[in-house]
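Trainee: Could you go through this one with me? I'd like to see how the terms get used.

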Amino acid sequence: MPQARAHDAARSDPAASSAAARTWVFFRRWLANPLEMGSIVPSSPALGRRVAAAVRAGPSGGVVELGAGTGAITRAMLEGGVAPARLTVIEIVPEMASILRATYPGVTVLCGDAWRLPALLGAEAAGRIGTVVCGIPLVLLPRTRQRALVEAIEAVAPGRGFLHYTYCITSPLPARRLGLAGRRVAWTPANFPPASVWRYTPAS
């Protein structure tokens with residue numbers, strides 16, 4: 001990746017990496033845009049463990065996390081065995097991206113729009129990504145936006161599909177209409193609210 005995109009030594013206040021600071025930043029962001037965040041609190045360790053298990057069960061290669069927030073799922077994947085050098089996280093909010101850089105040295109953190117995923121990752125990423133993990137609340141978006149993100153993921157990880165964690169009981173995406181096959185691979189009532197992990201793959 002270009003040098004400007006690579007993770008650097010964190011320049012933000014070290015206090016930003018504390019759990020209390022991360023939670024406060026998350027809550028302030030929720031107040032500013034509840035629909036963008038999807039939940040009032042970060043994902044729980046229970047949900048993180050289920051996402052990490054689904055990543056381990058998936059293809060080898062790089063892991064890309066979309067909408068990392070303050071890093072609850074990031075932490076779980078690292079604790080679950082994903083090497084920092086294998087993990088790239090995308091976060092559109094600069095303050096949250098700074099927290100991620102400060103908290104997870106060795107992880108590549110890119111501040112940008114997940115819908116511009118091919119441009120963010122660069123052409124060299126194509127074919128090297130094994131798993132994409134999506135934490136963006138897609139169920140709240142119009143179908144055109146859902147389709148655009150599915151296409152962006154397919155462009156960088158052709159044929160791989162993606163994991164999506166959600167608070168919906170049923171599929172958060174109209175899978176067939178988006179050309180996908182979907183199945184729920186995990187569920188946890190220990191998250192607030194209870195959450196599921198879905199794996200979507202190209203239907204063809």
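Trainee: What covers the buried residues of α4?

Mentor: The cover includes α3 (45-56), β1 (62-66), β2 (87-91), α5 (94-103), β4 (129-134) and β5 (162-166), with contact meaning heavy atoms within 4.5 Å. Helices (H or I, at least four residues) and strands (E, at least two) are DSSP runs, numbered from the N terminus. Keep in mind that this is a predicted model, where local features need pLDDT of at least 70, side-chain atom pairs count only at pLDDT 80 or more, and totals for chains, interfaces and linings use all residues. Residues are numbered from 1 along each chain as its sequence is written, and side-chain values use heavy atoms, leaving out hydrogens and water.

Trainee: Which residues of α4 are buried?

Mentor: In α4 (residues 72-79), they're Ile 73, Thr 74, Ala 76 and Met 77. They sit on the same side of α4 because they cover an arc of only 165° around the axis, going by the directions from the helix axis to the C-beta atoms.

Trainee: Why is Ile 99 called buried?

Mentor: Buried means under 20% relative accessible area, exposed over 50%, partly exposed in between (1.4 Å probe, protein chains only). Ile 99 has 3%, so Ile 99 is buried. You'll find Ile 99 in helix α5.

Trainee: What makes β2 and β3 a pair?

Mentor: Two strands pair if DSSP finds at least two bridges between them. Four bridges join β2 to β3 (residues 108-111), and the strands run parallel, so by that cut-off they pair. As one example, Ile 90 has Leu 110 in β3 as its bridge partner.
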